[in-house]
Amino acid sequence: MANTASAAKQARAALRRRVVNRTLLQAARNAQKKLVSLIEAGKKTEAAKLFPELQKRLDRAAKGKAIHRNRSARIKSRIAHLLR
């Protein structure tokens, strides 16, 4: 329980941010899992078509600071390497 009104407000704001961050992260993770499963199945052409969607999701999560921008870049780099 928060001791002050400002602490209570910060707790409410943190809950709202948490919902947004989890949504962004879940979308990025789902896109990543879909891409990796396509690559493992040998469908690299289909995966290459979905790669811009993953980039978009990761960039949005990084812009909103749900994940660090370097983590976003690292994931994109690793997936791009798998697509070669």
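1. Contact here means heavy atoms within 4.5 Å. In this predicted model, Ser 72 touches Leu 58, Asp 59, Ala 62 and Ile 67, leaving out residues up to four places away in sequence. Ser 72 is found in helix H3, and its relative accessibility is 2%. Because residues under 20% are classed as buried, Ser 72 counts as buried. A polar atom of the Ser 72 side chain lies 3.5 Å from the backbone oxygen of Leu 58.

2. As to the overall fold, the chain has three helices and zero strands, and its elements run α-α-α from the N terminus on. The radius of gyration is 17 Å, well over the 12 Å that the globule rule gives for 84 residues, so the chain is more spread out than a compact globule. The C-alpha trace spans about 55 × 20 × 15 Å along its principal axes.

3. Helix H1 covers residues 5-40. Its end C-alpha atoms are 52 Å apart, which agrees with the 52 Å that its 36 residues should span at 1.5 Å a residue. The buried residues of H1 are Ala 13, Leu 24, Leu 25, Ala 28, Ala 31, Leu 35, Leu 38 and Ile 39. These buried residues pack against H2 and H3. Just after H1, Gly 42 adopts a positive phi of about 85 degrees.

4. The largest nonpolar core has 18 residues, among which Leu 54 and Ile 79 touch the most other members. Two or more residues are given to this core by each of helix H1, helix H2 (44-63) and helix H3 (69-83). H1 supplies the largest share, seven residues. In general terms, nonpolar side chains tend to be buried together in soluble globular proteins.

5. Which residues does Leu 54 contact, leaving aside its neighbours within four places in sequence? The partners are Ala 28, Ala 31, Gln 32, Leu 35 and Ile 79. Of these, Ala 28, Ala 31 and Leu 35 are among the buried residues of H1, while Ile 79 is, with Leu 54, one of the two core residues that touch the most other members.

6. Some totals for the chain complete the note. Of its 84 residues, 25% count as buried. The accessible surface comes to about 6,400 Å², and carbon and sulfur atoms account for 53% of that area. Among contacts with a separation of 6 or more, 56% are between residues 24 or more positions apart.

Terms used. Residues numbered from 1 in each chain as written. Predicted model: local features only at pLDDT ≥ 70, side-chain atom pairs only at ≥ 80, totals over all residues. Heavy atoms only, no water. Core = buried A, V, L, I, M, F, W, Y, C linked by side-chain atoms within 4.5 Å. Buried < 20%, exposed > 50% of the residue type's maximum accessible area, 1.4 Å probe, protein only. Helix = DSSP H or I, 4+ residues; strand = E, 2+ residues; numbered from the N terminus. Expected span 1.5 Å × (residues − 1). Polar contact = N/O pair within 3.5 Å; in protein donor to acceptor, adjacent residues only side chain to side chain. Rg over C-alpha atoms; globule rule 2.2 N^0.38 Å. Areas by Shrake-Rupley, 256 points an atom, 1.4 Å probe, with all protein chains shown as cover.
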